[in-house]
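Here is a short report on the pockets of one protein model. Please look at the sequence and structure first.

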Amino acid sequence: MDIEEEKTGKSRAFAVPVEVYSFVQEFAYENGIGKDTRLFAVSERQVERHLNKVFAKMGFSPGQFGSKSFRKFFSMKVYMENDCNIEPVRVLLQHSSVQVTQRYLSISQRLVEDAMAKTAGHVI
């Protein structure tokens, strides 16, 4: 699935399950949505409003979490589930360097060194 990010203007291709791709194609076809048209006309602010309603129902304070929290959570999950390989996260977030991704995920050089020391202890 090809998208263009609104913030950066960068184009990117996402691999999605066939079921999701088929659903999106069918939705677009049934609603007369062309290939260069926004699939969902929703702003980031509207998403934040809906998320706040969901969070309130879950017992969280409005504004405690947001779309940026989800992005960071998902990024960290990808990082952890790929044996702390930061490169897939860098590509996912379209960061220019691993260092930018490390800062985004709050992975300090100290954490990297500690992880290496623990690993070295198991290898030697």
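How do the residues of the lining of the largest pocket divide into nonpolar, polar and charged?

## Lining of the largest pocket

The lining holds 16 nonpolar, 10 polar and 13 charged residues. Here Ala, Val, Leu, Ile, Met, Phe, Trp, Tyr, Cys and Pro count as nonpolar, Asp, Glu, Lys and Arg as charged, and the others, Gly among them, as polar.

## Basis

This is a predicted model, where local features need pLDDT of at least 70, side-chain atom pairs count only at pLDDT 80 or more, and totals for chains, interfaces and linings use all residues. Residues are numbered from 1 along each chain as its sequence is written, and side-chain values use heavy atoms, without hydrogens and water.

## Size and make-up

The largest pocket has a volume of about 2100 Å³. It is lined by 39 residues, and Ile3, Glu4, Glu5, Glu6 and Phe14 are the closest to its centre. A pocket is an open set of points on a 1 Å grid over the protein atoms alone, where a 1.4 Å probe fits, with protein on both sides within 12 Å along at least five of seven lines; lining residues have an atom within 4 Å of a point. Volume is the space filled by probe spheres set on the points, which are joined across faces, edges and corners.

H3 (67-81) gives the most to this lining, with 6 residues. Helices (H or I, at least four residues) and strands (E, at least two) are DSSP runs, numbered from the N terminus.

## The second largest pocket

The second largest pocket holds about 170 Å³ of space. Its lining has 8 nonpolar residues, 1 polar and no charged. Tyr79, Met80 and Cys84 are among them. Helix H6 (109-123) gives the most, with 3 residues.
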